[in-house]
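Here is a short tour of a protein model, written for someone who likes to think at the level of side chains. Have a look at the structure first, and then we can walk through it together.

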Amino acid sequence: MTTKADISGTVARDALLARFSAWLADPAACGRDYSPSTVKKYVSAMRVLHRILTEELGGAPDLEKLVPRDLVLARQHVIDSGRAGTVANVIISAGKAWARALGKESEFAPVRMVSLGWKPRRALSKIEYNRLLRALEGGAISTGRGNLMDTALRDLALFALLLGCALRAKEATRVTVTDVTLGPKSGYVRVRAGKGMKERSVPVAETFRPWLRSRVTELWEGLDEGEVKAATLLGRGGRGGDAGKPCSLSNVRRVVLAWGKKAGISDIHPHMLRRTRAQVWREEKGLEATQLLLGHANVNTTVRYTAKLEEGEGAS
């Protein structure tokens, strides 16, 4: 639901971007001769940056207080989503222009562009998939920070949602205990706030149902009834309000990377797990079923998303 604060924040952002657009269009002011199309592209990129940071930081950022770390977060967000490196580079270029307008050009100079030779991994190979599951079933690891998801059952639940249900990372962080339905021979997760705020129900692959069941049981046994009904599956699980607090996207990435390293997969990221399940699901259930699983509005998106992997890739 849109609040007055949301509307106020949008108005303030748009006012700043209108000033930025005028600055870019004035060579005397910005010191560059940008074409109208570039001005439009940079302003649009700043809107995307604002949206990404809102997701990553859990609230709308103040663009007048932009810091280099914000561009790094956006770059990683784009990489994790599997989008082209050029998308990240436009955002970085726009962010550096914004920094120049604020008189902070030197602070942002070290932020690196994405190499145009970089390509996102489509999915885990069969060998990587098996190694990852073997590592996960072998026991818990420490991710090195006390506020991260470092308990075994919580980590397993994360991978069940990403690799077993093909959820987006953000969708996974919002799943509550009551969104999970597990039967003797089936399981479903209700996604309440998918992309575009669309709700859908997704099946849980058989391998991952025990993982979710164990995490749900852990929460029911560790919290009061009122707390567990509001608890997010990947939340901290503590009392006093912590149970309902979702984990952050950066924490999700760190946990996935930590387990990937244990399995010998150095370039793993959350979206790779979603793509892996999508590949398998299309082979087993067909294109239309995969579109519903992924929550794509356009089937052409699903076609591109599940394009045939290079020989030897794809989980079983």
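## A buried arginine and its partner

Arg 253 is buried, at a relative accessible area of 14%; buried here means under 20% relative accessible area, exposed means over 50%, and partly exposed lies in between, with a 1.4 Å probe and protein chains only. Arg 253 forms a salt bridge with Glu 56, and their closest N and O atoms are 3.0 Å apart. A salt bridge is a side-chain nitrogen of Lys or Arg within 4 Å of a carboxyl oxygen of Asp or Glu. The pair joins distant parts of the chain, with Arg 253 in helix 12 and Glu 56 in helix 3, 197 residues apart. Glu 56 is buried too, with a relative accessible area of 7%.

Please keep in mind that this is a predicted model, where local features need pLDDT of at least 70 and side-chain atom pairs count only at pLDDT 80 or more, while totals for chains, interfaces and linings use all residues. Residues are numbered from 1 along each chain as its sequence is written, and side-chain values use heavy atoms, leaving out hydrogens and water.

## Other salt bridges

How many salt bridges are there by this rule? The count comes to eleven. One of them pairs Glu 55 with Lys 170, with the closest N and O atoms 3.7 Å apart. This pair also links distant parts of the chain, since Glu 55 sits in helix 3 and Lys 170 in helix 9, 115 residues apart. Helices (H or I, at least four residues) and strands (E, at least two) are DSSP runs, numbered from the N terminus. Glu 55 is partly exposed at 23% relative accessibility, and Lys 170 is partly exposed at 29%.

Within helix 10, Arg 215 and Glu 218 lie three residues apart, about one turn of the helix. Their side chains meet in a salt bridge of 2.6 Å, N to O. Arg 215 is buried at 3%, whereas Glu 218 is partly exposed at 31%.

## The nonpolar cores

A nonpolar core is a set of buried Ala, Val, Leu, Ile, Met, Phe, Trp, Tyr and Cys residues joined through side-chain atoms within 4.5 Å. The largest one has 53 residues, and Leu 132, Leu 161, Val 189 and Leu 233 have the most contacts inside it. Helix 8 gives the largest share of this core, eight residues. A second, separate core of 32 residues includes Cys 30, Leu 63, Leu 73 and Ala 99.
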